[in-house]
Amino acid sequence: MKQSTSGNNGGNVRLSANGDISTSDIFTYSTGSGKGGNVNLLSSNGSSTLGSIIAFGNGNGGAVTLDIFKDISMYQISTSSDNGNGGKVSLKANQDIKLGSPSDVRSIVSNSVEKNAGTIQIISTEGSINIGQGLVSANSKQGNGANINLTAKQLITTGLIDSGADGNGNGGNVNLLTDEDILTSSIVTHSNGNGKSGNIRLVSSNGNIKTTNDSPDTTARFIYAAGNGGNAGTVTLKAFGDIESVSITTSSQNGAAGNVTIEAGGESIKIVNSLSQNGTEYSIYSAGATKNGRITINRKSGSTGTFFAVGDATYNGTKGAIGAGKDANGVENSLLTTTIVTGTYVDGNIRILTPDIPALSLSKPRTIPAETPTTTSSFAPVSSLNVQGFIDTRQYAKAIVALDNLRTIEFYQSQGNTSPTVPQLNSVNQIKSFLNAGDIAAGTRSAMIYTFLSGTTQDNPSGTSLNLFAVTSASDIIYKTIPLINGQYQGLKIDKAVLDFRALLRTRDGDYADERQFYGYADSRLYDLIFRPLKDALSLSQVNNLIFSTDSLFRTIPLAALYDGQSSKFLVEDFSSSVTPSFQVIEKDRYRSLQGANVLKMGATVFGSSTPLPSVRTELENIAQIELQNSPSIRHSPIYLNDQFSGSNLKTLIAKNDAPIVHISTHGVAAFNSESYILLGNNNSSGQSNILSASDIRQLKDLSNKDLLVFSTCESFTGFDYGTAGAALVAGVKSVIGCGWIVSDSGTMVAMTGFYQQLLGKGLSKTKALQEAQKSMILGKVKAIDVAGTTDKAELSIDGNKVVSSEYGQKDIKANLLNKDDPNLDKLKHPYNWAAFSLVGNPW
């Protein structure tokens, strides 16, 4: 059907029927200066099957109106105009509306070159709208773009949607509303001149939203409502289910930026690509010259953990950064890759909620009262001879004081301070008072235990006797001495036994299904030497928490793993324990529970040339989930991963973030001929990961505001100077958890997850929380169970408490922890996986 002219107006076409309307192409265009004709089709009780409707005109485009009772099936519509306005398009049907065909992608175009584009409105009251990968465009080169509105009961499918203004006009608004899924491609509502950009609103009340329809390659796809001389438009994506979108830009070079709101009730929100802005790849960018936009991401539910990863859109997150411009002080308000958010994150104009909970302020950082020193001068000269002299004359209290002061000096000198001015210990009563206060607050019964090897020489590092001292809050000093003949105890050469014991703990080959059998051939005489002489006396005082200050020989082994051959138990099964260089090194700040506390979580999974650590992300996400479960009403710190785990960022966050706990998960190296260090997540130009040395850690003075620093790293608690853990004590942190050897990635994840379940969830003291986590591994209470209906996912359970992990975490647990050769996770019973971790400093 054709009504066309070369100079005059195209004729109008009107078809009305009670039943179906079926026709081929309808042409009412004008190729000259005239207007395109209008097309009006009405069916009160039928369907329509059409070809193309072409109503363009160099004057104005014609209007196209279809009001069909059932469904509409056709190819394409064009109502554009070069010199006039584009014609309006209105399609309405009760059932499905479909344009194009599987082999012929068509479109709806109502553009204008000189004037305004025509509005496009498509309504399916009970069915779907399917334009395939076709274009829907109401763009104008010189005038205003027009509004595009698509409303359906069922699925909406389109390709590119463009209502932008390439000149000084305003962009048109785009609205897509449906009960079910929305599947579209790029959406553009920008104004390149001085006009305002249009708003974009996609709402699926019972389905998903996906804006990656037209091609698997999303690198050139975007949602673009940016402004140039005028204000940018807003972008709103709301879905009952999941959202998968291309990059979103609502910035303005000279005006105000538009707000971005993304809200999903399903498993995931993914922004799968990025757009370069000022040299940075952003997945969401809303910076304005006169006003920045607000960015709100709200993932309201989901069974795979409440996490949002900036820099990783595999499961939940953005491929690139999130930026909201600079604040009034010129500080960039952005989240760079890779940061993982859980709970509620609010920083400037960026707000991320996972799940939907109120954002409340964090508690203020604690203020550590200054301790009044008993002396401000350097220590008086003290040596092991002074200690031995007091032992020989049975002045055990003075021996403890002298020994503690000696070890304090030795510790600070090992940290590079040749003349320490920290307070000296004057009386054992100071230890008793400290233990009493801690025991009352934490519900423990504690003893501080000193070991002292007498008569050591270079040829005989084990000495001639081992002296043991125990101090409790209520009882007299307990003293025991064990003679050593040529450095041997019951035929056991002590220094060699320590080395062999450490090697045994670090062995991970073999079948460890029965750890008692494994230790059946292990020599338990170290337990008999170091602890058994004190055990009965301590039992009378019902002691259950031990604080060790040991000779350097014993610092290389975890005392929690000492094995009692009589009871067939590890020490940790009966006692929680910690170590310290000396009593005076312990930070004496008053105990407070860390139940529900906020944790500053940082780490790295990939490095320049070192082995990747995939379970680090799982570990940090598990901690974040435990935080959220136990304190949902406070704002928790996000996860800073890989590039976000830099030295400068670490220093800034420790200073400004008021979380009382700092958790670092990465590679650690004990460099015995130089300084120990940990690897940071950001790579330098050579491709090698940067490091944070022990010297760098000692300079982190803001650690003095932290209750606990956890080094979930290899070899962070080794050597005479206590490694990087010792450096953190010098910086002022109250307590440090470190690791004694190279441990497995997945085993560490399990140990740390169990520790935080006890610390944050149950409110146990630090040493008690570590003890319970280790016991869970020893006693086989850690389980990994396949996720129903999957072959590549598993969930972790500790002491019967399910750990909620993200989809990433579930796959990591299946791939790196659970395997067919060890379905019961018996390998976790071996001390290689649990005994490496020790607490240094204040046990509470």
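This text walks through the model from the whole chain down to single residues.

The model is predicted: local features need pLDDT of at least 70, side-chain atom pairs count only at pLDDT 80 or more, and totals for chains, interfaces and linings use all residues. Residues are numbered from 1 along each chain as its sequence is written, and side-chain values use heavy atoms, with hydrogens and water left out.

Start with the whole chain. The chain holds 15 helices and 59 strands. Both are DSSP runs numbered from the N terminus: helices are H or I with at least four residues, strands are E with at least two. Of the 844 residues, 58% are buried. Buried means under 20% relative accessible area, with a 1.4 Å probe and protein chains only. Contact means heavy atoms within 4.5 Å. Among contacts between residues at least 6 apart in sequence, 74% join residues at least 24 apart.

A cavity is a set of points where a 1.4 Å probe fits but cannot get out. A pocket is an open set with protein on both sides within 12 Å along at least five of seven lines. Lining residues have an atom within 4 Å of a point. Grid points are joined across faces, edges and corners, and a volume is the space filled by probe spheres set on the points.

The largest pocket has a volume of about 800 Å³. Its lining has 27 residues, and Tyr345, Asp347, Tyr640, Leu653 and Lys656 lie nearest the centre. Strands β35 (321-326), β36 (332-335) and β37 (339-347) each give at least two lining residues, as does helix α9 (647-656). By class, the lining has 9 nonpolar, 11 polar and 7 charged residues. Here Ala, Val, Leu, Ile, Met, Phe, Trp, Tyr, Cys and Pro count as nonpolar, Asp, Glu, Lys and Arg as charged, and the others, Gly among them, as polar.

There are 5 cavities of 30 Å³ or more. The largest cavity holds about 120 Å³ of space. It is lined by 17 residues, with Ala560, Ser577, Phe837, Ser838 and Leu839 closest to its centre. Its lining has 10 nonpolar residues, 7 polar and no charged. The second largest cavity holds about 60 Å³. Ser838 lines this one too, and so do Phe554, Arg555 and Tyr722, among others.

Now look at helix α4 (residues 494-506). The expected span is 1.5 Å times one less than the number of residues. For the 13 residues of α4 that gives 18 Å, and the end C-alpha atoms are 18 Å apart, so the two agree. Buried residues in α4 include Ile494, Ala497, Val498, Phe501 and Leu505. An α-helix has 3.6 residues a turn, so residues three or four places apart point the same way.

Two single residues close the tour. Asn545 lies in strand β44 (residues 545-549). Is Asn545 buried or exposed? Asn545 is buried, because its relative accessible area is 0%. A polar contact of 2.7 Å joins its side chain to that of Ser576. Such a contact is a pair of N or O atoms within 3.5 Å; within protein, one must be able to donate a hydrogen and the other to accept it, and residues adjacent in sequence count only if both atoms are side-chain atoms.

Ser693 sits in strand β53 (residues 689-693). Ser693 is buried too, at 10% relative accessible area. A polar contact of 3.4 Å links the side chains of Ser693 and Glu675.

Note on methods
On a 1 Å grid over the protein atoms alone, a cavity is a set of points where a 1.4 Å probe fits but cannot get out, and a pocket is an open set with protein on both sides within 12 Å along at least five of seven lines; lining residues have an atom within 4 Å of a point. Buried means under 20% relative accessible area, exposed over 50%, partly exposed in between (1.4 Å probe, protein chains only).
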